[in-house]
Amino acid sequence: MSDKPAYRDLKYAIRSRPASDYEIKPVEWLWPGRFALGAYSRIDGDPGLGKSQIAIDMAARVTRGADWPVDDDAKAEVGSVILISAEDDPERVIVPRLKAAGADLGRVHLTGDVFNWNLEGPESTRDLSLETDANILYDLIHNLHYVRMVIIDPLNAFLGHTDAHRDSEIRGKILAPLAQVAQDTNTAIISIGHLNKSSSKRNKGYAITS
């Protein structure tokens with residue numbers, strides 16, 4: 001009797017394509033050399049270092065086509081920005097910060113929840129969940145005018161039922177769909193994450209909690 005596994009009985013197979021089938025495409029940039037279009041990126045750091053303010057400043061530059069800092073001759077292409085936020089009050093914090101940064105407020109779209117409508121029942125809203133709502137984010141990007149940048153601040157506020165402490169769950173249920181949305185819409189999706197002191201004996205130092 002053979003000990004070889006019965007491969008022919010498997011219901012699934014790995015799909016592959018030769019590299020020659022792929023069209024080589026140049027990288028397009030939101031901020032040249034730093035944040036790419038069609039890709040998911042992160043801004044992670046200690047609390048209180050101004051990560052959200054960096055994102056606000058970037059959003060303002062995109063909405064008015066301003067120069068990028070540090071890099072000579074690097075200028076943002078004018079476009080719209082989606083800001084998904086859970087921590088700050090729009091009227092008291094977010095909009096005043098955007099205005100102070102010189103943003104074109106008409107090009108910044110704030111959200112953080114999902115509107116549920118039912119022709120036969122009551123309307124309601126719920127918190128956005130990146131675990132289940134990637135398709136809704138995709139539709140929002142397409143329905144707005146020329147979105148160049150999506151900010152998620154902070155990422156862990158929109159994980160749904162995904163365990164923030166399990167890297168495999170975060171990558172599979174959250175980051176992979178976000179990266180696909182970024183690729184399909186040619187948008188720079190950028191999340192904000194906080195660093196906390198790690199209590200793990202195997203990983204001393206800091207750990208990203210999103």
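The following is a dialogue about the terms used for this predicted model.

Colleague: What are the ground rules for this model?
Modeller: The model is predicted, so local features need pLDDT of at least 70 and side-chain atom pairs count only at pLDDT 80 or more, while totals for chains, interfaces and linings use all residues. Residues are numbered from 1 along each chain as its sequence is written, and side-chain values use heavy atoms, with hydrogens and water left out.

Colleague: How many helices and strands does the protein chain have, and what makes a run count as one?
Modeller: Helices are DSSP runs of H or I with at least four residues, strands are runs of E with at least two, and both are numbered from the N terminus. The protein chain has four helices and 10 strands, in the order β-β-β-α-β-α-β-β-β-α-β-α-β-β.

Colleague: Why is the pair of Trp31 and Trp68 called stacked?
Modeller: Rings of Phe, Tyr and Trp (its six-membered ring) pair if their centres lie within 6.5 Å; planes under 30 degrees apart count as stacked, over 60 as edge-to-face and the rest as tilted. The centres of Trp31 and Trp68 are 4.8 Å apart and the planes are at 5 degrees, so this pair is stacked. Trp31 belongs to strand β1 (residues 29–31) and Trp68 to the loop between α1 and β4, so the pair ties together parts that are 37 residues apart in sequence.

Colleague: What makes the pair of Trp31 and Phe35 tilted?
Modeller: For Trp31 and Phe35 the centres are 6.2 Å apart and the planes stand at 35 degrees, so the pair is tilted. The structure holds two aromatic pairs, and Trp31, Phe35 and Trp68 form one aromatic cluster.

Colleague: Are Trp31 and Phe35 buried or exposed?
Modeller: Buried means under 20% relative accessible area, exposed over 50% and partly exposed in between, with a 1.4 Å probe and protein chains only. Trp31 and Phe35 are both buried, and Trp68 is buried as well. Of the 210 residues of the protein chain, 36% count as buried.

Colleague: Why is Glu131 called partly exposed?
Modeller: Glu131 has a relative accessible area of 24%, so it is partly exposed. Glu131 sits in the loop between β7 (124–127) and α3. Its C-alpha atom is separated by 5.6 Å from that of Lys173, 42 residues apart along the chain.

Colleague: How do you know that the buried residues of α3 line one face?
Modeller: Helix α3 (residues 134–143) has Ala134, Leu137 and Ile141 as its buried residues. Down the axis of α3 they fall within an arc of 55 degrees, so they line one face of the helix. The arc is taken from the directions from the helix axis to the C-beta atoms.

Colleague: What makes Arg17 sit over the ring of Tyr22?
Modeller: A charge sits over a ring if NZ of Lys or CZ of Arg is within 6 Å of the ring centre and within 35 degrees of the ring normal. Arg17 lies over the face of Tyr22, at 4.2 Å from the ring centre.

Colleague: How many cavities of 30 Å³ or more are there, and what makes a space a cavity?
Modeller: On a 1 Å grid over the protein atoms alone, a cavity is a set of points where a 1.4 Å probe fits but cannot get out, whereas a pocket is an open set with protein on both sides within 12 Å along at least five of seven lines; lining residues have an atom within 4 Å of a point. The structure holds one cavity of 30 Å³ or more. About 80 Å³ of space lies in the largest cavity, with a volume being the space filled by probe spheres set on the points, and grid points joined across faces, edges and corners. Its lining includes Ser52, Leu83, Arg97 and Asp153.
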